[in-house]
Amino acid sequence: MAAPDRPPLTPGPPRRVGVVVNPAKHGAREALDVVRSSLRRAGWEKPRVYETTVEDPGAGQVSAALADGCELVLAMGGDGTVRQVAAELAGTEKTLGIVPLGTGNLLARNLELPFIDPAGCVQIALHGHPHRIDLIGIRAELAEGEAVRQRFTVMGGAGFDAQIMTDTRDRLKARIGWIAYVEAGMRNLVARRHSVSITVDDAAPVHRKTRSVIVANTGDLTAGIRLAEASRLDDARLETIVLTPRSLLDWAALTWQVISRRRGLLPVIEHLHGRRVHVDFLHHPQPMEVDGDYVGEVRAFTAEVQPGVLRVQTV
């Protein structure tokens, strides 16, 4: 059914639908039932279902869906599943539908999908309208010397934010949701800052002592918080957010600036805009995450926007 403030969505021409689902997520079975019943009512064929595993969290399943001729691929799971499916569909003419079943649901939030209503998200994923968005591609140099490449949809960063992801207790997250990240953050507030060199596009490098460097494709987080200053999913730019707090007072100032969206007297957060950024942590490798997935300890990374490479269903 349509939400009170949204027009009803009507099925278009039949398409072959694949569903990449994380079967461990609460509500996955019920969401699959909604997909099946919705396709039956629309007169479309049954969905092809591909379950993720610990060893393969999405890439192989998307490859199988494309090989089976699926035109619309639904990502049913948390942010990690959505990121994996989005990364594999990027650069194709196939369309991503999102059925969020996680804690953060960051891309769904930024697309203004009704993420607390999986059934509503199913209708948009099947019968919404495609919109092209950007992804961010990174090349990260791990502390061990290996280089890895990833794509992400919302945010990736190294330092404090990645430490939160690695320190969040899974049992607590299952019980209280996103508030578990707050608990992990409180345990990591006091720590040393480290020197970093940041180069945006062809500008001269800037040097800072930071707790975290975050690259954003867009900016809405949980609880209505917007960390990025002006980034949008389709603006062909990225935003580099530099966090430099030294004390609990600085963290309080940073929190107030983020929540109020006003710049304060204490320079604890900085926003840099461009299409490409290179971040070098010099002699202090930092933990890194992309859309909540841990990458590893990195010495440096380069991030670049990939404009309009993904088709995603929206209202």
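In this predicted model, a network of salt bridges links Arg16, Glu45 and Arg48. Arg16 lies in the segment before strand 1 (17–21), whereas Glu45 belongs to the loop between helix 1 (28–42) and strand 2 (48–51), so the pair ties together parts that are 29 residues apart in sequence. Both partners fall in the intermediate class of accessibility: Arg16 is partly exposed, with a relative accessible area of 26%, and Glu45 is partly exposed as well, with a relative accessible area of 36%.

Across the whole structure, the search finds nine salt bridges. One of them is formed by Asp220 and Arg226, whose closest N and O atoms are 3.1 Å apart. In this pair, Asp220 counts as partly exposed because its relative accessibility is 26%, while Arg226, at 16% relative accessibility, counts as buried, the cut-off for the buried class being under 20% relative accessible area. A further salt bridge joins Arg232 to Asp234, the closest N and O atoms here being 3.4 Å apart. Arg232 is partly exposed at 48% relative accessibility, and Asp234 is likewise partly exposed, with a relative accessible area of 36%.

Helix 3 itself, which spans residues 79–89, is mostly covered, with nine of its eleven residues buried. Among the buried residues of this helix are Asp79, Arg83 and Gln84, together with Val82, Val85, Ala86, Ala87 and Leu89. Just after helix 3, Gly91 adopts a positive phi of about 85°.

With regard to aromatic side chains, the count comes to one aromatic pair. The ring centres of Phe281 and Phe301 are 6.2 Å apart and their planes stand at 40°, so the pair is tilted. This pair links distant parts of the chain, 20 residues apart, since Phe281 is placed in the loop between strand 13 (276–280) and strand 14 (286–290), and Phe301 in strand 15 (residues 293–314). Phe281 and Phe301 are both buried.

Strand 15 also holds Gln313. This residue counts as buried, because its relative accessibility is 1%. A polar atom of the side chain of Gln313 lies 3.5 Å from the backbone oxygen of Gly128.

Notes
Residues numbered from 1 in each chain as written. Predicted model: local features only at pLDDT ≥ 70, side-chain atom pairs only at ≥ 80, totals over all residues. Heavy atoms only, no water. Phe/Tyr/Trp six-rings, centres within 6.5 Å; stacked < 30°, edge-to-face > 60°. Helix = DSSP H or I, 4+ residues; strand = E, 2+ residues; numbered from the N terminus. Buried < 20%, exposed > 50% of the residue type's maximum accessible area, 1.4 Å probe, protein only. Polar contact = N/O pair within 3.5 Å; in protein donor to acceptor, adjacent residues only side chain to side chain. Salt bridge = Lys/Arg side-chain N within 4 Å of Asp/Glu carboxyl O.
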